[in-house]
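Here's a quick tour for anyone meeting this structure for the first time. Have a look at the model, then read on for a few helix pairs and the overall picture.

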Amino acid sequence: MKSLFDTTSFKCSKLVTKSYSTSFSLAVHMLAPSIREAIYSIYGFVRFADEIVDSFHEYDKEYLINDFEKEYYKAMEMGISLNPILNSFQHTVKQYHITDDLIQAFLKSMKLDLIKSTYDTQTEYEDYIYGSADVVGLMCLKVFVAGKESKYEQLKNEAMRLGSAFQKVNFLRDLKDDNLVLNRNYFPGIDLKSFDENAKTEIINEIEEDFRIAYQGIVKLPMEAKFGVYTAFVYYKKLLTKLKKTPYYEIGNSRIRVSNYTKAGLLAQSFVTYKLKLV
């Protein structure tokens, strides 16, 4: 039965989410059950593409990402893929009217990671973030607003700013690995050699402004999505606070994390805030 295969496909996307990101998985679990599967499927798709370009060093990455793209479009055409991640994602794309320009922008940024190691201008930096993060926020927004175009347009900018904030926090947290392991530098004019307290402060100020604008959209989200998105927002804000308190030279030498104990406390705090309708 095709329905059993589809159910299994969505379970695979959920498993990918839980395996790769406990924090994001926790946030998704705070969404209404009616939209969780769709968000899991989006995460599964973007996670696999990201893994291809970031982790599969022993293999032909260019071939793999191009094949992944081809198989996705086959799935869209046929309405099925034997790759369960692509099978669940194509269902979500069709159900929530996720436009192809978002998919293409995302894949473009992923492919850039294969050929580009530095982003020298603000325009290059912003274009990469749009494709790697902003459009993922927009895909999720399509699900949150149930494909309603007017609501989507109303919250589009804030969703993009939230995606930008999350990505920039990741860039700052992963500064060492991006530079030394993947030989990438996303921040224009800043690498491990030039990174100092002033550079750190400038980046953090930029992220805080993204968060400020993003919050204005979170409070306007449908109830089905608000608590889950707010949970992710609180977690990343906490991570940014830790980065802010960390001397610049330690950011370049270690990976800052939020403990599971702290995550549990943030979840409780988010729940109380949500229930008191303070968000």
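In this predicted model, the axes of α4 and α6 come within 10 Å and cross at roughly 170°. Anything over 145 degrees counts as roughly antiparallel, so that's how α4 sits relative to α6. The points below start with this pair, then move on to other helices and the whole chain.

**Where α4 meets α6**
- On the α4 side, the residues involved are Lys61, Glu62, Ile65, Asn66, Glu69, Tyr72 and Tyr73.
- Facing them from α6 are Asp100, Ile103, Gln104, Leu107, Lys111 and Leu114.
- Sort the residues of this α4–α6 contact by class and you get 6 nonpolar, 5 charged and 2 polar.
- A handy bit of background: an α-helix has 3.6 residues a turn, so residues three or four places apart point the same way.

**Where α2 meets α3**
- Helix α2 covers residues 22-29 and helix α3 covers residues 33-55; their axes come within 9 Å and cross at roughly 155°.
- That angle makes α2 roughly antiparallel to α3.
- The crossing of α2 past α3 is right-handed.
- From α2, the contact uses Phe24, Ser25, Val28 and His29, while α3 brings Arg36, Ile39, Tyr40 and Tyr43.
- By class, the α2–α3 contact has 5 nonpolar residues, 2 polar ones and 1 charged one.

**A bit more on α3**
- With 23 residues at 1.5 Å a residue, α3 should span 33 Å, and its end C-alpha atoms are 32 Å apart, so the two values agree.
- Most of α3 is covered, with 17 of its 23 residues buried.

**Helix α5 and its neighbours**
- Helix α5 (residues 84-95) is 12 residues long and reaches 17 Å from first C-alpha to last, close to the expected 16 Å.
- Which residues of α5 are buried? They are Ile85, Leu86, Asn87, Ser88, Phe89, Gln90, Thr92 and Val93.
- Those buried α5 residues pack against α1 (2-20), α3, α4 (61-78), α6 (100-115) and α7 (122-144).
- That list includes α3 and both helices of the α4–α6 pair.

**The whole chain**
- How many helices and strands does the chain have? There are 13 helices and 0 strands.
- Of the chain's 279 residues, 51% are buried.
- Among contacts with a separation of 6 or more, 69% come from residues 24 or more positions apart.

Methods
Residues are numbered from 1 along each chain as its sequence is written. This is a predicted model: local features need pLDDT of at least 70, side-chain atom pairs count only at pLDDT 80 or more; totals for chains, interfaces and linings use all residues. Side-chain values use heavy atoms; hydrogens and water are left out. Axes are lines fitted to C-alpha atoms, for helices over the stretch in contact, and angles run from 0 to 180 degrees between N-to-C directions. Helices (H or I, at least four residues) and strands (E, at least two) are DSSP runs, numbered from the N terminus. Angles under 35 degrees count as roughly parallel, over 145 as roughly antiparallel, 65 to 115 as roughly perpendicular and the rest as oblique. A crossing is left-handed if the near helix is turned anticlockwise from the far one by less than a right angle, and right-handed if clockwise. Contact means heavy atoms within 4.5 Å. Ala, Val, Leu, Ile, Met, Phe, Trp, Tyr, Cys and Pro count as nonpolar, Asp, Glu, Lys and Arg as charged, and the others, Gly among them, as polar. The expected span of a helix is 1.5 Å times one less than its number of residues. Buried means under 20% relative accessible area, exposed over 50%, partly exposed in between (1.4 Å probe, protein chains only).
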